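Keep the model open beside you as you read.

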Amino acid sequence: MTSPLPNELTGPYLHVVPPAAAAIVPATDDLRLIVETCPDLMCVTEMDGTFRYVNPAFKAVLGHEPADLTGKLSLDFIHPDDVPGLIAAVAANPEETSIEFRFRNAAGEWVDVEMNRKLMRDAQGEPAGAVVTSRDITERRKADQRFRLLADHSPVGIYIAQDGRFVFVNPQFARYTGYAEEQLLGMKPLDLVLPEDRDYVRENAVQMLKGARSFEYEYRIVNRAGETRWIMESVISIDFHGRRAALGNYIDITDRKRAEELQQRTLAELARSNEELGQFAYVASHDLQEPLRMVASFTQLLSRRYKGKLDDDADEFIRYAVDGVTRMQNLINDLLAYSRVGTRGKPPEPTDCAYIFERVLANLTTAVQESGATVTAEGLPTVMADPTQLEQLFQNLIGNAIKYRGERAPVVSVTAADDGGRWHFIVRDNGIGIDQEYRDRIFVIFQRLHGKEEYEGTGIGLAICKKIVERHGGHIWVESDKGKGSAFHFTIPREGGSGQ
């Protein structure tokens, strides 16, 4: 049976309601209905904590008959370990107190409750008891414990900030900052942020609160040891114990940032080296070739004028000189071509590979006729590429297939297939093949598998092919066995590479 609703709640003690709300205080019958049907625990106590009134929710939530509690001391139902804290909290804030503690239900089990107590005063303003509302927070405590368990074992730093201060941090967050968890509680998040980054972080926080959506951004903090660390943070607005709060995740990305800085320095150094290489290419194409042309002209003049007029040794020396100058000119021209792949390339554009193939065949007409080669193509698509470099790529691969032939007439086929997000090309031949141990070596600049007496060349052609394919965002490799021909594979993305 419900204990009677005390007159204090309908009579002279109604003035405990804040004045601003006095205009909306319900009539006596309505107030009685609200109190008796409220799902929260509501009671009135004497100054010593004795129950004066208990609403029906005590029966529904805790199993206690309200009449069995009326007149009994409330402290007798509170866990002994929690009583000192409750008394201290009321003493510190006698007018209005909020605290959590454990209350014994009718089955003798301890239930976690959250209490809000407000002091009542009589008409003379003297303390006359308290109005207490409480709520069963057992499920919330269980959820908090599960969250705590997950947070304690998380590799990510986690915090909850409310009213501009930390109210929860996990061990990983403490490790990132160098502070103990108890030192962080109550600290302002911005106190950790490097002063130069505080405006940026504050603006992100404002946007988060306005939009109630998550962010992910990077900034610097200063840990307890005074070391600057880079942090990537994601933040989301949450409800924490009935009030708005910010839930944040910290990931220390200092190592990644240092790697990025090193990469930027390396790229800058590479850009400088490429610029120097470009300057070298200019010198090679002008200043170096001019004296070579002069030496070549005079040695060829010596050969024509004095061949057969001197002894055999002189003829051989002249021939060596002419041959050396010619090879040097070829080497410089190939180096120039290699350096220009990245510096003189054109942006990718739709390029008909079948048309490029026909141009290459026209360029190689003499080599095809002299070797009796059969060169075919099938299924060649239109791709996003630099037309000039794609022609150079096909010409090098097909030209090599004809050059490095065996005793049989060369048979070369060029095919292409759609391989998902890329085109997969194969240039296949029946030539002399390559030992497995040399498959990677052949794409390295100046690496030759044969002497110049066997096959002409500078050892740069396949290095140029590799550079062209990689400039287009693809990959090149070879499948081959000695004496069984070779299959050179390369890929080009369907959407085209960077063109850088």
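This is a predicted model: local features need pLDDT of at least 70, side-chain atom pairs count only at pLDDT 80 or more; totals for chains, interfaces and linings use all residues.

Residues are numbered from 1 along each chain as its sequence is written, and side-chain values use heavy atoms, with hydrogens and water left out. Helices (H or I, at least four residues) and strands (E, at least two) are DSSP runs, numbered from the N terminus. Two strands count as paired if DSSP finds at least two bridges between them.

Let's begin with an open, antiparallel sheet of five strands, in the order E2-E1-E5-E4-E3. Its edges are strand E2 (51-54) and strand E3 (96-104), each of which pairs on one side only. Neighbouring strands here are turned by 30° against each other on average, direction ignored; for angles, axes are lines fitted to C-alpha atoms, for helices over the stretch in contact, and values run from 0 to 180 degrees between N-to-C directions. Look next at E3 and strand E4 (residues 110-121), which are joined in the antiparallel sense by nine bridges. Phenylalanine 103 has valine 111 of E4 as its bridge partner. Two helices pack on this sheet. Helix H4 (residues 83-92) touches E3 and E4, and its direction makes about 165° with that of E3. Helix H5 (residues 138-152) touches E3, E4 and strand E5 (127-136), at about 120° to the direction of E4. Contact in these cases means heavy atoms within 4.5 Å.

Side chains of opposite charge can pair when their charged atoms come close. The term salt bridge is used for a side-chain nitrogen of Lys or Arg within 4 Å of a carboxyl oxygen of Asp or Glu, and the structure holds 29 of them. In one, lysine 142 pairs with glutamate 139, with the closest N and O atoms 3.7 Å apart. Both residues lie in H5, three residues apart, which is about one turn of the helix.

Next come two hairpins. Strand E6 (residues 157-162) and strand E7 (residues 165-169) are antiparallel and share four bridges, with isoleucine 160 partnered by phenylalanine 168 in E7. Two residues separate these strands, and aspartate 163 in the turn has a positive phi of about 55°. Further along, strand E9 (residues 228-240) and strand E10 (residues 243-252) run antiparallel, joined by ten bridges. Isoleucine 231 stands opposite aspartate 252 in E10. This hairpin also has two residues between its strands, and histidine 241 takes a positive phi near 55°.

Now turn to another open sheet of five strands, ordered E12-E14-E15-E17-E16, with mixed pairing. Strand E12 (374-378) and strand E16 (476-480) are at its edges with a single partner strand each, so one side of each has no neighbour in the sheet. From one strand to the next, the twist averages 15°. Within this sheet, strand E14 (residues 411-419) and strand E15 (residues 422-428) run antiparallel and are joined by seven bridges; alanine 417 sits opposite histidine 424 in E15. Helix H13 (residues 387-403) lies across E12, E14, E15 and strand E17 (486-493), running at about 170° to E17.

H13 also packs against other helices. What angle do helix H11 (residues 353-363) and H13 make? They pack at about 55°, with their axes 9 Å apart. H11 and H13 are therefore oblique to each other. Their contact includes Phe357 and Val360 of H11, and Leu390 and Phe394 of H13. By class, this contact has eight nonpolar, two polar and two charged residues; Ala, Val, Leu, Ile, Met, Phe, Trp, Tyr, Cys and Pro count as nonpolar, Asp, Glu, Lys and Arg as charged, and the others, Gly among them, as polar.

Finally, the axes of H13 and helix H14 (residues 461-471) come within 9 Å and cross at roughly 140°. Among the contact residues are Leu393 and Leu397 of H13, with Ile464 and Ile468 of H14. By class, the contact of H13 with H14 has seven nonpolar, five polar and one charged residues.

Methods:
Angles under 35 degrees count as roughly parallel, over 145 as roughly antiparallel, 65 to 115 as roughly perpendicular and the rest as oblique.
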